[in-house]
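Let's take a friendly tour of a protein model, looking at rings, charges and strands. Have the sequence and the 3D view ready as you read.

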Amino acid sequence: MQKQPLNHWHFAEHCYSRIKLRKYHLPKCLQNKNKISELARNIPSRSFSCKDLLPLKQESKNSPSENMDAFEKVRTRLETQPQEEYEIINAEVKHGGFVYYQEGCCLVRSKDEEADSDNYEVLFNLEELKLDQPFIDCIRVAPDEKYVAAKIRTEDSESSTCVVVKLSDHPVMEASFPNVSSLEWVKDEEEEDVLFYTFQRNLRCHDVYRATFGDNKRNERFYTEKDPSYFVFLYLTKDSRYLTINIMNKTTSEVWLVDGLSPWDPPFLIQKRIPGVLYYVEHRDDELYILTNVGEPTEFKLMRTAADSPAVMNWDLFFTMKRNTKVVDLDMFKDHCVLFLKHSNLLYVNVIGLADDSVRSLKLPPWACGFIIDTNSDPKNCPFQLCSPIRPPKYYTYKFAEGKLFEETGHEDPITKTSRVLRLEAKSKDGKLVPMTVFHKTDSEDLQKKPLLVHVYGAYGMDLKMNFRPERRVLVDDGWILAYCHVRGGGELGLQWHADGRLTKKLNGLADLEACIKTLHGQGFSQPSLTTLTAFSAGGVLVGALCNSAPELLRAVTLEAPFLDVLNTMLDTTLPLTLEELEEWGNPSSDEKHKNYIKRYCPYQNIKPQHYPALHITAYENDERVPLKGIVSYTEKLREATAEHAKNTGEGYQVPNITLDIQPGGNHVIEDSHKKITAQIKFLYEELGLDSTNVFEDLKKYLKF
């Protein structure tokens, strides 16, 4: 069960997500010469460096001056600093004239202009915490750079330790706090740095603390949320004027503001929680900009009000979205507001001029499937990247003065010519049109004979992950068709798309998935004997349900940390996430209607003696979100059912291969595990009887084995 502190606004979905060092070695034809940054708003982030990407389009041939803006400085650095490989770097944040990041096992900083050199200052050695392979998940720098706080965790656990380092000629660790989820700095009236942080226990985050250091040390609990179904996280508005305390569950939110100039004063409430109303807050020039679903239609819209009259009756409508639009992110600038949108399965950027309320809508290239939002304090430019599952990110910058979008130029990734991306729709049994994104090689002949890998999620209002994955790239290069099915329960078409696939409408997602696969086959994309299906976490519900209801559509399935026993999990209120998940799955303990409905689709409850596709499950030994016990019980019951079916069928029937791969550690999903990636690909090739020699040779170009 995938818990996210914020389901619908992209910056908060990624607010404190894992950012781990990993490297993808590109073939020579893809090697480029730039370093570009991938960040999520003004929160600590990751950065991509994609070698050999040529500079952004030049506006003049004059050599850059010392007074050029930040955009030009970045461009010049990209041009003049050749590198040799594509990599994703762990958490990094810029503050003042320094860049703070992880180098090896150390928290370090370097001057901004020396960020790509080996000239850095070591601030803290992570090995002092005596953790197994620690990495930095988040960095926050105090306003006057007297302190830096870093959230540190390991591969084997979701719990994090926050260390506070005093910055001086000889940096020292000032304090450490266990089980920290989110953190932000503000400065009080006495010029003292105050750290606010949230404490997480058993995956639940209900307490907010504030702490000071130096001669006036203190650490006190500031706020406690009493409702166990809510989650608390912190976010500092982009202008640092207010610290927002966000309290929310899957469908309802409440925001309190801490004045960044008077952090010891009591916080003030924006709007008391209203069931079914979500809202998130930014600030600019004494006005609050509020992204909310209040009113009709119940999709996100942008509203604003004066900061001193924040209640809902004072909210004025500022901008509305088109129907079937997902708000991916919002970024606030001095004179502009930028909305990153997904409309009818295509990406758009809307630039709103705050001085004249003008709106410019930019339709982005059709190959793009996802945004990577760049943190940026420069009011002149809005940088971001576009990516797809088979194409590394490409860098774009919108320059407000010119009113134009500039893209990276140079040698195009060959995948743009050797592959196709299609936007298709399937008609579900109730007539609803379900979007799909399909990738395949341009020169593929007789697609009906090609292997197909279908992806699905369909829960919590979250989109399918469409970020670049090297293993997906090599599958397309090897002739596979990839299909991403954006079924109800996900968020690709907005809030109503999620509402139509949760609680007593979960079966809509199952019907959508079945319709997508049948539509693909009907349009000549592969066939059941070559069709495979993959999902992780809550996506396992729809996959497991389809294996029960229509196994004839599939040849093989791979699952990672799958949620497969919805009924027993939601009946067990001692599990850490059960109460938070009631808005998604229902409450079978107190509502007989919910209980009977869950029984209709729950994968574990509906296993029966019949033929099943081959199945490979990756599970994690100490996973707190999806306990191993439930996955083991599912696997055993499925093996018993297939054995019984084989016995009843007689000689000649081949029992499907059902593999449970239990990995050590307490993380939920380890996206970049080379062992997991190779095991899953090996399984799919063996089950389909395909030669995997080429695919593993190609994969070595991207991954260090």
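## Charges over rings

A charge sits over a ring if NZ of Lys or CZ of Arg is within 6 Å of the ring centre and within 35 degrees of the ring normal. Arg109 does this over the face of Phe98, at 4.3 Å from the ring centre. Arg241 lies over the face of Tyr242, at 4.7 Å from the ring centre.

## About the model

This is a predicted model, where local features need pLDDT of at least 70 and side-chain atom pairs count only at pLDDT 80 or more, while totals for chains, interfaces and linings use all residues. Residues are numbered from 1 along each chain as its sequence is written, and side-chain values use heavy atoms, with hydrogens and water left out.

## Aromatic pairs

Rings of Phe, Tyr and Trp (its six-membered ring) pair if their centres lie within 6.5 Å; planes under 30 degrees apart count as stacked, over 60 as edge-to-face and the rest as tilted. The structure holds 25 aromatic pairs. In one of them, the centres of Phe333 and Phe400 are 5.0 Å apart and the planes are at 65°, so this pair is edge-to-face. The two residues are 67 residues apart, and the pair links distant parts of the chain. Both Phe333 and Phe400 are buried (under 20% relative accessible area, with a 1.4 Å probe and protein chains only).

Elsewhere, one aromatic cluster is formed by Tyr147, Phe177, Trp185, Tyr197, Phe199, Tyr209 and Phe213.

Key. Helices (H or I, at least four residues) and strands (E, at least two) are DSSP runs, numbered from the N terminus. Buried means under 20% relative accessible area, exposed over 50%, partly exposed in between (1.4 Å probe, protein chains only).
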